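This briefing is intended for reading alongside the sequence and the 3D structure. It is arranged by topic.

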Amino acid sequence: MKVEKKKKIIKSIKIDVDKCNGCRACEVICSSFHAEPKYSSSNPARSRIRVIREPYTDIYIPVYAGEYTPAECAGRDKYVIDGKEYEECAFCRASCPSRPEFKEPDSGLPLKCDMCEGEDEPLCVKWCLADALVYEEREEEVEEEAEQEELEIGLESMANKYGLQKILDTVARMSKKD
Ligand code: SF4
Ligand code: SF4
């Protein structure tokens, strides 16, 4: 299979937990941006960024949602940084069965940060007046399997032309013939 080098933009949010004051403005704007219709409601439980808060120990950790995992991991990590002990799982970005974060409250479906697709900068970063969130972009060279990409482009154009359901029906019909 042909492997090609490609340029890819890696997007990330640098989080400074010492600057976060737990105001939760990031949760408000994220859930509101992703509401249907957009900005029609705001519910932090629907936010793709959650702030782990322990005010008594002055711990505020904004975490934005990463991958879905169907099973919780067997190990747990404890971090002690500058004398503060952080809860197990506090820095984990997974939508995981072990905790309520990063699940759509009505459907239970996992939530994942999409970097506010379509916006020039993530809205949680814009709304964080404490500058605890800093958006960063860098370009990296990655190896991509060209054939896989060609296949995906081909499938996408067929789906646009005939509709995804028709393609799925055709594949199902073809596999029955074998
Ligand atoms: S908006 Fe900024 S300061 Fe407020 S909770 Fe979110 S990350 Fe922390
Ligand atoms: S980048 Fe956008 S989608 Fe991701 S956590 Fe921030 S507001 Fe939510």
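The points below describe the overall architecture, the nonpolar core, the ligand surroundings, the strand hairpin and some backbone details.

The structure is a predicted model. Its protein chain has 178 residues, of which 19% count as buried. The chain holds 4 helices and 6 strands.

**Overall architecture**

- Read along the sequence, the secondary structure elements of the protein chain occur in the pattern β-α-β-β-β-β-α-β-α-α.
- When contacts between residues at least 6 apart in sequence are considered, 62% join residues at least 24 apart.

**The largest nonpolar core**

- The largest nonpolar core contains 22 residues, and the members that touch the most other members are Cys26, Cys30, Ile49, Cys124, Cys128 and Leu133.
- Two or more residues of this core come from each of helix H1 (25–33), strand S2 (49–54), strand S3 (59–64) and helix H2 (123–127).
- Helix H1 provides the largest share, with 4 residues.
- Leaving aside residues up to four places away in sequence, Cys30 touches Ser47, Arg48, Ile49, Leu123 and Cys124.

**Surroundings of ligand 1**

- Ligand 1 is surrounded by 15 residues, and the closest are Cys20, Cys23, Cys26, Cys128 and Ala130.
- Cys26 and Cys128, listed among these closest residues, are also among the core members that touch the most other members.
- Helix H1 and strand S3 each contribute at least two residues to the shell around ligand 1.
- By class, the shell around ligand 1 comprises 12 nonpolar, 2 polar and 1 charged residues.

- The residues around ligand 2 are Cys30, Arg48, Ile49, Tyr64, Cys113, Asp114, Met115, Cys116, Pro122, Leu123 and Cys124.
- This shell divides into 9 nonpolar and 2 charged residues, with no polar residue.
- Met115 counts as partly exposed because it has 18 C-beta neighbours inside 10 Å, whereas a buried residue needs 20 or more and an exposed residue has 12 or fewer.
- Not counting residues up to four places away in sequence, Met115 touches Lys11 and Pro122.
- Met115 and Tyr64 are 51 residues apart along the chain, and their C-alpha atoms are separated by 9.4 Å.

- Strands S2 and S3 pair in the antiparallel sense over 6 bridges.
- Across this pairing, Ile49 stands opposite Tyr64 in strand S3, and Arg53 has Tyr60 of strand S3 as its bridge partner.
- The hairpin has 4 residues between the strands, and both Thr57 and Asp58 are placed in the loop between S2 and S3.
- Thr57 is exposed because 12 other C-beta atoms lie within 10 Å, and the limit for an exposed residue is 12 or fewer.
- The C-alpha atoms of Thr57 and Lys84 are 7.6 Å apart in space, although the two residues are 27 residues apart in sequence.
- Asp58 also counts as exposed, with 12 C-beta neighbours inside 10 Å.

**Backbone details**

- Most residues other than glycine have a negative phi, and most peptide bonds are trans.
- Asp58 has a positive phi of about 60 degrees although it is not a glycine.
- Tyr39 likewise has a positive phi, near 65 degrees, and is a residue other than glycine.
- Tyr39 lies in the loop between helix H1 and strand S2, where it counts as exposed because it has 10 C-beta neighbours inside 10 Å and the limit is 12 or fewer.
- A cis peptide bond joins Glu36 and Pro37, with omega about -10 degrees.
- Pro37 is placed in the loop between helix H1 and strand S2.

Methods:
Residues are numbered from 1 along each chain as its sequence is written. Chains are lettered from A and ligands numbered from 1 in the order in which they are written. This is a predicted model: local features need pLDDT of at least 70, side-chain atom pairs count only at pLDDT 80 or more; totals for chains, interfaces and linings use all residues. A nonpolar core is a set of buried Ala, Val, Leu, Ile, Met, Phe, Trp, Tyr and Cys residues joined through C-beta atoms within 7 Å. Two residues are in contact if their C-beta atoms, placed from the backbone, lie within 7 Å. A residue is near a molecule or strand if its C-beta atom, placed from the backbone, lies within 6 Å of it. Ala, Val, Leu, Ile, Met, Phe, Trp, Tyr, Cys and Pro count as nonpolar, Asp, Glu, Lys and Arg as charged, and the others, Gly among them, as polar. Two strands pair if DSSP finds at least two bridges between them.
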